[in-house]
Amino acid sequence: MTKPNLVVFYVDSLAASAAFYRDLLDREPAESSPNFVMFPLSGGMGLGLWARHAVEPAVLAGPGGAEVVFAAEDIDAVHRDWSSRGLRIAQPPTDMDFGRTFVALDPDGHRLRVFAPAAAWQSEGRHRPAPNS
């Protein structure tokens, strides 16, 4: 059985994206070559950045069709931190049926969702919103 261990984003500027994620993740890449950089994440996962022009076969899709999701306890604190770093915010902090969440974008427009499961924010006295609210 295979085990997923790497998410790869195709990026226009490898240097700019590597700097962005170095700052955001507060860590150095574990691997680096002229067209690829890989950052280790928790649980044995990794985030790879691959220069779009070097991908084979050629990439047809643009960014934004998927998300990397980060779990956090204090969504509003992470939102303030990421906003102060200049990240573009696609969705401000919002209570949804699965929990509290917001979405930011990286320099290429890839979606970075941060969320706290409903059980976590319900323990803070918030109530689960009705669907489609």
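The lining of the second largest pocket comprises nine nonpolar, four polar and two charged residues. In this predicted model, that pocket has a volume of about 200 Å³. Of the 15 residues that line it, Val8, Phe9, Gly62, Ala66 and His110 are the closest to its centre. Two elements, β1 (6-11) and β5, each give two or more residues to the lining of the second largest pocket. Strand β1 provides the largest share of this lining, namely four residues.

The largest pocket holds about 250 Å³ of space. It is lined by 14 residues, of which Leu25, Leu41, Ser42, Val69 and Phe70 are the closest to its centre. At least two lining residues are supplied by each of α1, β5 (67-71) and α2 (75-84). By class, the lining of the largest pocket consists of 10 nonpolar, two polar and two charged residues.

Helix α1, one of the contributors to the largest pocket, spans residues 14-25 and contains 12 residues. The distance from its first C-alpha to its last is 16 Å, close to the 16 Å expected at 1.5 Å a residue. The buried residues of α1 are Leu14, Ser17, Ala18, Phe20, Tyr21, Leu24 and Leu25. These residues lie on the same side of α1, because they cover an arc of only 160° around the axis. In an α-helix there are 3.6 residues a turn, so residues three or four places apart point the same way.

Aspartate 26 follows α1 and is placed in the loop between α1 and β2 (31-33). Although aspartate 26 is not a glycine, its phi is positive, at about 55°. Most residues other than glycine have a negative phi. Aspartate 26 counts as exposed because its relative accessibility, 68%, is over the cut-off of 50%.

Strand β4 (residues 46-51) is largely enclosed by the rest of the structure, since five of its six residues are buried. Two further strands pair with β4. Strand β1 runs parallel to β4 and is joined to it by six bridges; in this pairing, tyrosine 10 stands opposite tryptophan 50 in β4. Strand β3 (residues 36-40) runs antiparallel to β4, with five bridges between the two. The hairpin of β3 and β4 has five residues between the strands, and glycine 43 adopts a positive phi near 70° there.

Valine 37 belongs to strand β3 and stands opposite leucine 49 in β4. The relative accessible area of valine 37 is 4%, which is under the 20% cut-off, so this residue counts as buried. Valine 37 and alanine 15 are 22 residues apart in sequence, and their C-alpha atoms are 9.2 Å apart in space.

The loop between β4 and β5 contains proline 57. The peptide bond that joins glutamate 56 and proline 57 is cis, with omega at about -10°. Most peptide bonds, by contrast, are trans.

Strand β5 has two faces: Val68 and Phe70 form the covered one, whereas Glu67, Val69 and Ala71 form the uncovered one. Val69 and Phe70 are also among the residues closest to the centre of the largest pocket. Strand β5 runs parallel to strand β8 (residues 111-117), to which five bridges join it. Within this pairing, phenylalanine 70 has valine 114 in β8 as its bridge partner, and alanine 71 has phenylalanine 115.

Strand β8 also pairs with strand β7 (residues 99-105), in the antiparallel sense and over seven bridges. Phenylalanine 115 in β8 stands opposite threonine 101; phenylalanine 115 is likewise the bridge partner of alanine 71. A hairpin is formed by β7 and β8, with five residues between them. Glycine 109, in the turn of this hairpin, has a positive phi of about 90°.

Notes: Residues numbered from 1 in each chain as written. Predicted model: local features only at pLDDT ≥ 70, side-chain atom pairs only at ≥ 80, totals over all residues. Heavy atoms only, no water. Expected span 1.5 Å × (residues − 1). Buried < 20%, exposed > 50% of the residue type's maximum accessible area, 1.4 Å probe, protein only. Arc of directions from axis to C-beta. 1 Å grid on protein atoms, 1.4 Å probe; cavity = no way out; pocket = protein on both sides within 12 Å on 5 of 7 lines; lining within 4 Å. Points joined across faces, edges and corners; volume = space filled by probe spheres on them. Nonpolar A, V, L, I, M, F, W, Y, C, P; charged D, E, K, R; others polar. Pairing = 2+ DSSP bridges.
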